[in-house]
Structures are given as structure tokens and as C-alpha cells.
Amino acid sequence: MNLTRCNNGHFYDMDKFDSCPHCINSAGGESDQTTPLSGPAQASPVMFEEDGGTVTMPVGQMPETVPADTTTPTEPVTHPFVHSPVQKITPQKIDVPPVMPEPSARPEMSLADLVQNTVTNHNTRPEDQEKTVGIYSLKEKEQSIDPVVGWLVCIKGAAIGRSFNLKSGRNFIGRDASMDVQIPGDKSISRQCHAVILYDPKSKMFLVQPGTSRELFYLNDRVVLGVEEVKTNDTLTIGNTDLMFIPCCSDKFCWEDQMEKIKKEEEK
């Protein structure tokens, strides 16, 4: 290789080019010399100009240059925000034996049978399973009947027009379904035993008295604080409801006399 420098400061190989190819290309011309595809270059000194003089160096020797720092770090560089890969854990299936339900000590019962059994056996003893029979209980075709002894007719309130049967003994008045005289729709009436109206078959009298509720009630607009007698067409005011009393049993009729009359007719 025979390197030389042109007047414009370009270096070129004089073995390949007669003149500077850079200057020809910049001038828009082309070199007439054909460039070989391959072939060993001849060893020739390299000419360098320095401070107006020419320096000849042997082929293969170039001016010393500081090589770029291409040293690859031997230790791995760890980025502060890059974590090591998380190992994926595959869950293992564990066979758990099914839990068998414990056998019930009592046989299964339907809902209807359970309710009926609860109602039948509630607060009862084996030696006392029979229903309490009233004085005027009538037996007809092996059935016990408590005959009506009077009525309470609603003449004012939510139950206006309805009648409520009264039986011998005590009749508890309230809103609850367990009451003998249930008056629905009037929340000013206590649920349990607001008042009591009773019939005494011996004296053939109807009486009223306060119940277990703290609320008051009235007989013909007079507050009832003790036991008072009730007569035909008297009005009981309980809450916002007015009840008119209509007797069935009286001096003219009672179930005791009626039962004696029926018995005599059967004997004949």
C-alpha cells in the first residue's frame, strides 16, 4: 500500500489511484483507473506530512492512538428495580375424605308432622292428655261442644259489624290469635288479655274485669277498675273499639235447663 496525501489533505493509495479519488468525486468526475477485486497489496512505506515535512513509516505501523475502552465488565450488573424471577409453585391436590353426617337419633319428620307433634305435646304430661271440659260441654256424636252463652258485636272500630262468641267461664280479649275474643286491626288494644268478660252459670250473670295489661278499658264510658256486672246492650270500649254485649243465657234461657229438657224428652 502506497499512501500519500493530496493538496486537499486526503489520503489515498497511489498503487490504486493515479490521483486523489476524493477530489475527483467532489468535483463530479470519476477516476479512469480500474480497481482490482482482489490481490495482495505491495509493501511500501507510508508517507505522512508533519509540520511541513514528510515522515516515512514502515507498512503495518500506524500512529499510536488511544484505543477505546471496550473492556466488558466481568461481574454482572444488577439493576436495583429488577428482581429475580419468582419460582412458580404448582398446587398439589390433596384428597380429603368426605365427612359423613352423623346418624340422627330421631327419625325424619315432615314439617306438618313436626308442628302437629309440638302443638300436641306442648306443656302436657302423659297422665293429663285430655282437654278440659266446661260445665256446659255437650256431647254430640262423640264430640265435645262448648255452647255459646253470649256475643260481643263490634259497633265501632276496625272490626265493625263482626260478632265474637262468648263461652262459659272466662273469655280473654286482645289482639293475639290465642285470645278467646281476638280483635284485629286496632293496635291500641293489647295483644294479651286487655280485658276479661266471664259468664257464671250458677248465678247466670255476666261480669267484666281488667286483664293483665296495664291499659284501661271502659264500661258505658266508665273506667273498669274491678269486677262489674254487664247487662244487655251495654258497651265495652277497648282501645278504639266499641263492643256491644248481647246475652244468650239469662233468666229466661240457660243451657243447663235446656240439657235437662232434652234429657227428659229422650227418656220418654
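1. Terms and provenance. Helices (H or I, at least four residues) and strands (E, at least two) are DSSP runs, numbered from the N terminus. Two strands pair if DSSP finds at least two bridges between them. This is a predicted model: local features need pLDDT of at least 70, side-chain atom pairs count only at pLDDT 80 or more, and totals for chains, interfaces and linings use all residues. Residues are numbered from 1 along each chain as its sequence is written, and side-chain values use heavy atoms, with hydrogens and water left out.

2. Overall make-up. The protein chain has three helices and 17 strands. Of its 268 residues, 23% count as buried. Buried means under 20% relative accessible area, exposed over 50%, and partly exposed in between (1.4 Å probe, protein chains only). The accessible surface comes to about 21,400 Å². Carbon and sulfur atoms hold 52% of that surface. Areas come from the Shrake-Rupley method with a 1.4 Å probe; for residues, only the protein chains shown count as cover.

3. Contacts. Take the contacts (heavy atoms within 4.5 Å) between residues at least 6 apart in sequence. Of these, 35% join residues at least 24 apart.

4. Strand 9 (residues 169-174) pairs antiparallel with strand 11 (residues 195-200) over five bridges. There, G169 stands opposite Y199. Strand 11 also runs antiparallel to strand 12 (residues 205-210), joined by six bridges. D200 has M205 of strand 12 as its bridge partner. Strand 12 and strand 15 are antiparallel too, over three bridges. F206 faces V230 of strand 15 in that pairing.

5. The hairpin and K204. Four residues lie between the strands in the hairpin of strand 11 and strand 12. K204 takes a positive phi near 55 degrees there. K204 also forms a salt bridge with D257, with the closest N and O atoms 3.7 Å apart. A salt bridge is a side-chain nitrogen of Lys or Arg within 4 Å of a carboxyl oxygen of Asp or Glu. K204 lies in the loop between strand 11 and strand 12 and D257 in helix 3 (residues 255-267), so the pair ties together parts 53 residues apart in sequence. K204 is partly exposed at 25% relative accessible area. D257 is partly exposed at 43%.

6. The other salt bridge. The whole structure holds two salt bridges. R222 and E228 also meet in one, at 3.5 Å from N to O. R222 is partly exposed at 45%, and E228 is partly exposed at 22%.

7. Nonpolar patch. L216, Y218, V223 and L225 make a nonpolar surface patch of about 370 Å². Patches are made of residues with over 30% relative accessible area and no salt bridge: like charges are joined within 9 Å, nonpolar side chains (Val, Leu, Ile, Met, Phe, Trp, Tyr) within 5 Å. L225 lies in the loop between strand 14 (222-223) and strand 15. L225 is exposed, at 67% relative accessible area.

8. Cysteines. There are zero disulfides in the structure. A disulfide is a pair of cysteine sulfur atoms within 2.5 Å. For C20, the nearest cysteine sulfur is that of C6, 3.6 Å away. C20 is buried at 6%. For C249, the nearest cysteine sulfur is that of C248, at 4.8 Å. C249 is buried at 2%.
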